Amino acid sequence: GQFGTTIFTEINNLAREHNALNLGQGKPDFDGPAQIVEAAVKALQSGDNNQYAPGPGTPNLRQAISQHAARYDLDVDADGGVIVTPGATECLFASVMGLIDPGDEVIIIEPFFDSYVPDVVMAGGVPVYVPLHPPAWTFDPDELKKAFTDKTRVLMLNTPHNPTGRVFTLDELTMIADLCKEYDVMVISDEVYEHLVFDGVQHIPIATLPDMFERTITIGSAGKTFGMTGWKIGWAYGHPDLIRGMAQAHQFIAFATNHPAQEAVAYAFSLPDDYFEAYRQAYTHKRDLIMDALTNAGLKAEKPKGTYFVMADFSDVFEGNDVEFARYLTAEIGVACIPPTFFYSQPHKYMVEKQARFSFCKVDETLIAAKEKLAALAR
């Protein structure tokens, strides 16, 4: 009923119809590392991994996730503190279902990833919105403080942040953490872009701040960490007391996750650090290509410090709103983008009606071709 067709579906259809370069959906148009695919083939052929995996995830993968969390000096219990799910999207839903009772308020930072609000609504929660303001994409400390009440149960955080490319600073995270402790609020921290940070910026998990580990569920994704969005492997970790509620929800939503893919992702975590370094470098280059394409077209954008998204202000080159711009750009210019008013609540949509979201998880040729097409805007 209330969950209509997403804007992604409309733009994807339009892009296909006009054969446009699709910089809309955050779906890479190139494959993940061959040796990880090889590990999946081995897992499939071994004969040991084609029945149900344990509900919380395979021991190998939970161990690997726990070891990965140790990079941030977090001590995660591989048995009681990790859940593997079919994609980070299910992690978000199971976390919300595990933490929220009907009537609880949930603070959502805008622009939000599109599943956050339906998750909260399905759990009977009440969304409370705190906007990030363009062009710097920062929140107003007073607006943040005002959002907290004695009904607030959870804050949903996303850093590095889709769709703005912001990476929250220690000051911002400390402000959030202090309010969460003061009001006894839990954090669901969506950190799927943890390895996509640029220009020497550090990703800081909010769970690493003082007294925050026991009130944070941290979410990661193989789709984003290893470039395999089609595998749908996500994970959540945290204090066993928080993970328990999530696990109870997960057992009735999906029960278990793709078994051979989990073993392949466990292998992927064993790759040396230069994998992450090369990944970051490749995406830094793509970020620079898209920035060049947007600036050349007369759009204004802050250089993203993380993720594979950038928000650009088109008001100098186009009269209408973001939906009209996305349709025009896709149909007439041949480049698809996503209108971001869909990631804001009704009262705050006006803040981004002159913005468009572009994703740059595309082969370099696509980004270079997009520059040529987008140049028509400046003319």
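This is a predicted model: local features need pLDDT of at least 70, side-chain atom pairs count only at pLDDT 80 or more; totals for chains, interfaces and linings use all residues.
Helices (H or I, at least four residues) and strands (E, at least two) are DSSP runs, numbered from the N terminus.

Residues are numbered from 1 along each chain as its sequence is written, and side-chain values use heavy atoms, with hydrogens and water left out.

Let us begin with the cis peptide bonds. E110 connects to P111 through a cis bond whose omega is near -5 degrees, and P111 sits in the loop between β3 (105-110) and α5 (116-122). N162 and P163 are also joined in cis, with omega about 15 degrees; here P163 belongs to the loop between β6 (152-158) and α7 (170-182).

Next come the positive phi angles. F255, which is not a glycine, has a phi of about 65 degrees, and T307, likewise a residue other than glycine, has phi near 70 degrees. The table shows where each residue is placed.

| Residue | Loop between |
|---|---|
| F255 | α9 (240-253) and α10 (259-268) |
| T307 | β10 (300-301) and β11 (309-313) |

Are these side by side entries buried or exposed? Buried means under 20% relative accessible area, exposed over 50%, and partly exposed in between (1.4 Å probe, protein chains only). F255 is partly exposed, at a relative accessible area of 39%, whereas T307 is buried, with a value of 0%.
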